Amino acid sequence: MASTIKTLALAAILLATGTTARAQDQVVRIGVSGPLSGSNAFAGKDDENGVRLAVEELNAQRLKVGGKTLKFELLSEDDQGDPKAGVSVAQKFADAGVKFVLGPYNSGVAIPASRVYNDAGILMSTVGTSPKITQARYPNVFRIVASDSQVGASMASYAARELKIKTVGVIDDRTAFGQGIADEFTKQARAAGVTVVGREFTNDKASDFSAILTAFRAKKVDAIFFGGYAPQGAPMARQMKQLGMANVRLLGGDTLCSPEMAKLGGDAVGENVMCAQAGATLDKQANGPAFKARYKQRYQRDPDVYAPAFYDQTMFIARAMQAANTTDAAAVGKQLHTMSYQGVAGTYGYDASGNLKKTAVTVYTFKGGQLAPLANY
């Protein structure tokens, strides 16, 4: 009987101790909004993986803020790369008490969703590159990569100065991202003395580009700039090869700097394809190789384009919480505007509009199915 009483007493103590420990934890819900279905699902999953890796590492560190241990929880939602779905996801996160969201991935989703997040007092960190996202100057909206103006200008500069491109045809997929980066490339290319012989349009579901490509072939262009995503860029490269345009360069922005291009395009994607991506080469960053190794160990694959940026921003948000000594989103946002953070992909610090104060842009090509850096801007 005495033994039973002791056992029950010990159990009560352990239960009380566990309850106290849990009471001292402060749950921080991190939302991820991105395309987990459709042609860009590979990118949405990669972004989610970057946040998940950061959340797992932060929970292992058991950070304390306001005297309580932070317990990060990840909530991921499929916004389908669709503006209406993205707004619904934003409202869902608001209803669930989420105060920090990584995403959306697509500019066309980020623009309308940012208004919902702002009204709900949620801090949003997006890789959407359209300048329109930050033009509203919402205090808690951050772009964690370079904008279209920076990426498009870098690709135009490289095309004119290094490739000696004289004539170029421009195609965009009519998304907010595709139109935006095509506009910036066109403007900067003309300023650099490149003749833009035409602007054609497609959509982000298309797979046949033969009519557009045939028209540009007739105009004997040196290059084609495509404002769009890898699931369309890869078949475009294949069709260029089929039409005898192997010597015509296919240029693009960060969305073409994806292993998916080589995977879908096969031997049609090589040194004929060039893309510009925000950030310096990950392998040349002090902590870049170690991040790649941890990511690969966790997910059995290499990171894609934006996993490092999503990882870095999640870590930066946690450091800002510590600096503010609170998990209040507005207070954390103020810290992000004043602090700087050295991440695995570069240094982060934001201006009053939520844009990065400094960012590098790297131009890449493909060699043996892998990205190979050509120049930094």
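Select Q300 to begin: at 61% relative accessibility it counts as exposed, where exposed means over 50% relative accessible area, buried means under 20%, and partly exposed lies in between (1.4 Å probe, protein chains only). Q300 sits in the loop between α11 (288-299) and α12; helices (H or I, at least four residues) and strands (E, at least two) are DSSP runs, numbered from the N terminus. The phi angle of Q300 is near 60°, a positive value in a residue other than glycine.

The model is a predicted one, in which local features need pLDDT of at least 70 and side-chain atom pairs count only at pLDDT 80 or more, whereas totals for chains, interfaces and linings use all residues. Residues are numbered from 1 along each chain as its sequence is written, and side-chain values use heavy atoms, with hydrogens and water left out.

Next, select K164, in the loop between α6 (148-161) and β7 (167-172). Its phi is also positive, near 60°, in a residue other than glycine, and at 55% relative accessibility K164 counts as exposed.

**Two buried positions**

Is T202 buried or exposed? With a relative accessible area of 11%, T202 is buried. It is found in the loop between β8 (195-201) and α8 (210-218). Display its surroundings: apart from residues up to four places away in sequence, T202 touches I171, D172, D173, R174, F209, I212 and F226, contact meaning heavy atoms within 4.5 Å.

Move to G252, in strand β10 (residues 249-252). G252 counts as buried, at 0% relative accessibility. Beyond its neighbours within four places in sequence, G252 is in contact with M155, F225, F226, M274, C275 and A276.

**The largest pocket**

The largest pocket has a volume of about 930 Å³. Of the 41 residues that line it, Q277, L282, D304, V305 and Y364 are the closest to its centre. On a 1 Å grid over the protein atoms alone, a pocket is an open set of points with protein on both sides within 12 Å along at least five of seven lines; a cavity is a set of points where a 1.4 Å probe fits but cannot get out; and lining residues have an atom within 4 Å of a point. Grid points are joined across faces, edges and corners, and a volume is the space filled by probe spheres set on the points.

Colour α10 (259-265), β11 (273-278), α12 (307-324), β13 (347-348), β14 (361-367) and β15 (370-376), each of which supplies at least two residues of this pocket's lining. The lining comprises 22 nonpolar, 10 polar and nine charged residues; Ala, Val, Leu, Ile, Met, Phe, Trp, Tyr, Cys and Pro count as nonpolar, Asp, Glu, Lys and Arg as charged, and the others, Gly among them, as polar.

**The second largest pocket**

Select Q80, G81, N106, D204 and K205, which lie nearest the centre of the second largest pocket among its 18 lining residues. Its volume is about 270 Å³. Helix α4 (residues 107-119) provides the largest share of the lining, three residues. In the loop between β4 (100-102) and α4, select P104: a cis peptide bond joins G103 and P104, with omega about 0°.

**The enclosed spaces**

How many cavities of 30 Å³ or more does a search of the whole structure find? The search finds two. The largest cavity, of about 70 Å³, has 14 lining residues, with F42, A43, Y105, D304 and V305 nearest its centre. Helix α2 (residues 41-61) gives the most to this lining, four residues.

The second largest cavity has a volume of about 60 Å³. Its lining includes Y105, N106, S107, D254 and Y306.

**A helix pair**

Finish with α12 and helix α13 (residues 329-338), which pack at an angle of about 105° with their axes 8 Å apart. Axes are lines fitted to C-alpha atoms, for helices over the stretch in contact, and angles run from 0 to 180 degrees between N-to-C directions. The two helices, α12 and α13, are therefore roughly perpendicular to each other, a term for angles of 65 to 115 degrees, with under 35 roughly parallel, over 145 roughly antiparallel and the rest oblique. Show Q313, F316, I317, A320, M321, A323 and A324 in α12, which meet A331, V332, Q335 and L336 in α13. This contact involves nine nonpolar, two polar and no charged residues.
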